[in-house]
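Let's take a walk through the side-chain contacts in this one.

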Amino acid sequence: MTYPDPTLFGHDPWWLILAKALGIFVFLLLTVLSAILIERKVLGRMQMRPGPNRVGPWGLLQSLADGVKLALKEGLTPASVDKPIYLLAPIISVIPAFMAFAVIPMGGAVSVFGHRTALQLTDLPVAVLYILAVTSIGVYGIVLAGWASGSTYPLLGGLRSSAQVISYEVAMALSFAAVFLYAGTMSTSGIVAAQDRVWFVFLLLPSFLVYLTSMVGETNRAPFDLPEAEGELVGGFHTEYSSLKFAMFMLAEYVNMTTVSALATTMFLGGWHAPFPFNMIDGANSGWWPLLWFTAKVWGFMFFYIWLRATLPRLRYDQFMALGWKILIPVSLGWIMIVAITHSLRGHGYQNWATGLIGAAVVLAGILVAALWKPLRGNTVQPTPEQSTGAYPVPPLPAVSKETADA
């Protein structure tokens, strides 16, 4: 197994830095194009319909055709917009989405034309905080798009997105605190190296579940896509956008999905380490093989996004905010206390710390899943008139006289 030497970062020749940056850009673009097609295909399969099957063999060129169509469409700009901010908003959304991937480790150390380098553009002592900071900037593009559109519904969508990101960013950051305690570092390559023997998803299961929920809310995806709720807000913050400007918002959304999936892989699933049973093979974690394991794990999370979209209905906004503030954040705070105590006992020589931590993780994870089940399962029972009268959010049913009923 070959871990990158920290001294490798910052000493690559300029052409190698440019090649790695270009490689990340191409990787993200190809992931977005593939994700759009695969999402439509998988949703079609889950909903018993064919999905795209006209453009190219088996519909494989549908994403490319959609991109060309958006590029050639007429770009309409409403008269009431604040034009400079209206044009800058998509750019502000899409650039941070690409920047966040700069510190994601996609593999160990490899040799490229005789130069020893890491499959990672760069690393920082506070790399995870850098990712949180950069991804938080992206919400400014959404808020400014809603405000600059000069329309009511985009403004409401932008405000919803800002409240959503603030709420779930807190829970996401708290889920990382336990990882920092056990890894002893905020460097992404250091966190991957700390999972050499045991992945943190087993030791820190509640943190993983909190992050899994938070990353869906952070990226405005179903069932948490309230800033784009077409039933209430027409299309949300991007209602007044068309052509390439609209395409940039969609690009930012799918790149953010890839970034948070890669971050989940790095923080909890061992990063580029080979999963069982492939880790039993000599050389499975050397050379270019780790790039394959990393990509497979990222696509596992991308499939999870698609599965959620096909399965769960959209939450009400009050349910959504209560989930973040009343469930995820308190559970995260309680779990951090358990992790800190267990970590302290480990430092004092107690040998059964891992067993105790895994037991506490399983119990707390069960409580968290039970708490998440109620708001996500939906209401499948039609209330009676007696139950509905005065109950929120079902309005009182009108009284029906006996004569009207007989008629």
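## Ground rules

A salt bridge here is a side-chain nitrogen of Lys or Arg within 4 Å of a carboxyl oxygen of Asp or Glu. This is a predicted model, so to speak of local features we need pLDDT of at least 70, side-chain atom pairs count only at pLDDT 80 or more, and totals for chains, interfaces and linings use all residues. Residues are numbered from 1 along each chain as its sequence is written, and side-chain values use heavy atoms, with hydrogens and water left out.

## Salt bridges

Side chains of opposite charge can pair when their charged atoms come close. How many salt bridges does a search of the whole structure find? The search turns up seven.

One of them joins aspartate 66 and arginine 40, at 2.8 Å from N to O. Aspartate 66 sits in helix 2 (residues 62-72) and arginine 40 in helix 1, so this pair ties together parts 26 residues apart in sequence. Helices are DSSP runs of H or I with at least four residues, strands are runs of E with at least two, and both are numbered from the N terminus. Arginine 40 has 35% relative accessibility, so it counts as partly exposed; buried means under 20% relative accessible area, exposed over 50%, and partly exposed in between (1.4 Å probe, protein chains only).

Arginine 221 and glutamate 39 also meet in a salt bridge, at 2.5 Å from N to O. Arginine 221 is in the loop between helix 8 (205-218) and helix 9 (230-233), while glutamate 39 is in helix 1, so the two parts tied together are 182 residues apart in sequence. Both arginine 221 and glutamate 39 are buried. They belong to a salt-bridge network that links Glu39, Arg221, Glu253 and Arg309.

## Aromatic pairs

Rings of Phe, Tyr and Trp (its six-membered ring) pair if their centres lie within 6.5 Å; planes under 30 degrees apart count as stacked, over 60 as edge-to-face and the rest as tilted. That rule gives 18 aromatic pairs. Phenylalanine 27 and phenylalanine 101 have ring centres 6.0 Å apart and planes at 45°, so they make a tilted pair. Phenylalanine 27 is in helix 1 (residues 14-46) and phenylalanine 101 in the loop between helix 3 (83-99) and strand 1 (109-112), 74 residues apart. Both phenylalanine 27 and phenylalanine 101 are buried.

Phenylalanine 278 and tryptophan 293 are stacked, at 5.1 Å centre to centre with 25° between the planes. Phenylalanine 278 counts as partly exposed at 38% relative accessibility, whereas tryptophan 293 counts as buried at 11%. Elsewhere, ring pairs link Phe176, Phe180, Phe208, Tyr211, Phe268 and Phe301 into a cluster.
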